[in-house]
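Dear colleague,

Please read them beside the model.

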Amino acid sequence: MQHQESMPNKHEEKNNQPGLWAIVWSVLAALFGVQTEANRRRDFSQGNPLAYIIVFIILLVAFVAAIAGIVSLVLAYAT
């Protein structure tokens, strides 16, 4: 019986990719400018760019909506 070299299969490759929460935390860290070099390298080498773009857009829309809501709330109580 021959010893096979350890070749990554699809299941192992999938485990190397960052999960949803890792992507969310990575995008949040990048938005606040506190992303670590190790995470940045992981994101660029193993991450799917489309996932990061989608998460970024969702977080950006949520941020703008939150700011607009806060401003509306403050203006409502100011008058």
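Helices (H or I, at least four residues) and strands (E, at least two) are taken here as DSSP runs, numbered from the N terminus. On that basis the chain holds four helices and zero strands, and its order along the sequence reads α-α-α-α.

This is a predicted model, in which local features need pLDDT of at least 70 and side-chain atom pairs count only at pLDDT 80 or more, while totals for chains, interfaces and linings use all residues. Residues are numbered from 1 along each chain as its sequence is written, and side-chain values use heavy atoms, with hydrogens and water left out.

Of the 79 residues, 13% count as buried, meaning under 20% relative accessible area with a 1.4 Å probe and protein chains only. Beyond four places in sequence, Val 27 is in contact (heavy atoms within 4.5 Å) with Tyr 52, Val 55, Phe 56 and Leu 59.

Helix 2 (20-32) and helix 4 (49-78) also each supply at least two residues of the lining of the largest pocket, with helix 4 contributing the largest share, four residues.

With best regards

Technical notes
Buried < 20%, exposed > 50% of the residue type's maximum accessible area, 1.4 Å probe, protein only.
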